[in-house]
Amino acid sequence: MKRPMQIAVLVFTVGATGGLLASGGEKEGSKILTQASNAKWQAECASCHMAYQPGLLPERSWRKLMAGLDKHFGENASLDPATAEEITRFLAANSADRSGNRRSARIAASIPAAAVPLRISETAYFRRKHDEIASDIWRRAKVGSPANCQACHQAAEKGDYSERNVKIPR
Amino acid sequence: MRKTSILFALPLWAGLSAAAAPEQILRDLEAEARRDSQTFTAFSAVRGEQFYRTERAGVDGGKISCASCHTADPRALGKTRAHKEILPLAPGANRERFTDPAKVDKWFRRNCNDVLGRACTAVEKGDFLAWLLSVK
């Protein structure tokens, strides 16, 4: 009687601790977008804007975006074919529908199957998360547009979009 | 003598990439300009400045010039339309500018297309660089 009880307690303790650790790690990790990196992605994409994490859009969006770099939101952002291919591979492999990250999965789930958004700000997830932001805030000089994540999300470049790291500039 | 020491010093700060001095890039553009035009004599910094400041019709209906993003002073920090800082364009203020021929080609290709709606000629590029080199 005594012995099975000890084993049961032990099993429970180990199980609970393991579960706690796992859920703790999972919880922390899920708040932060997966930190995948690629030197060409960083160098090419971040010369004009923040290097938006691949986990912010699904694979089909990245493929469409990378296929139209010569007309990239009104600008020519064309790349040599080898560089474009490497970046596309990196984006696809870590995309919102493939990264396994919780926030990424929610972004992907908010997009209708037939839709291929090119702007992160077009996704229902983004709109829902920013529905309290009045249009005049987006237009402030230090913000400019929804493309400027790190204007408010101070750790955006580290993939951290948590609410406690938001500071809206005046 | 001075030229020699510059050439030897270059790889020290430019790393192992195919580094060149802006003056070398200017000489290459000059050779290209001579091939393109039999009447070409020399690049003009005055024409280069004018080119930099000339406003043209942008794709969105507004006016666009090199200065739209690089600001009126090419020694100053600029800003992309997506709000990212652009390091100074003038080599006098940013010694990494015009040292990597592939990068120079890439940005002329993109930005000429955006601002002029076509590729730039070697004369335009040379005038532009001649002016940027003259801005101290």
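Tutor: A salt bridge is a side-chain nitrogen of Lys or Arg within 4 Å of a carboxyl oxygen of Asp or Glu. This is a predicted model: local features need pLDDT of at least 70, side-chain atom pairs count only at pLDDT 80 or more, and totals for chains, interfaces and linings use all residues. Side-chain values use heavy atoms, without hydrogens and water.

Student: How many salt bridges does the structure hold over all chains?

Tutor: Side chains of opposite charge can pair when their charged atoms come close. Over all chains, there are 12 salt bridges.

Student: Which residue forms a salt bridge with B:K106?

Tutor: A:E44 does, with the closest N and O atoms 2.5 Å apart. B:K106 sits in helix α5 (residues 101-116) of chain B and A:E44 in helix α2 (residues 39-45) of chain A, so this pair joins two chains. Helices here are DSSP runs (H or I, at least four residues), numbered from the N terminus.

Student: Is A:E44 buried or exposed?

Tutor: Buried means under 20% relative accessible area, exposed over 50%, partly exposed in between (1.4 Å probe, protein chains only). A:E44 is buried at 18%. B:K106 is buried too, at 14%.

Student: What does B:R110 pair with?

Tutor: B:R110 forms a salt bridge with A:E44, closest N and O atoms 3.9 Å apart. The pair crosses between chains, from helix α5 of chain B to helix α2 of chain A. B:R110 is buried, at 3%.

Student: Where does B:E124 find its partner?

Tutor: B:E124 meets B:R118 in a salt bridge at 2.7 Å, N to O. B:E124 is buried at 16%, whereas B:R118 is partly exposed at 36%. Elsewhere, shared partners join A:E44, B:K106 and B:R110 into one salt-bridge network.

Conventions. Residues numbered from 1 in each chain as written. Chains lettered and ligands numbered in written order.
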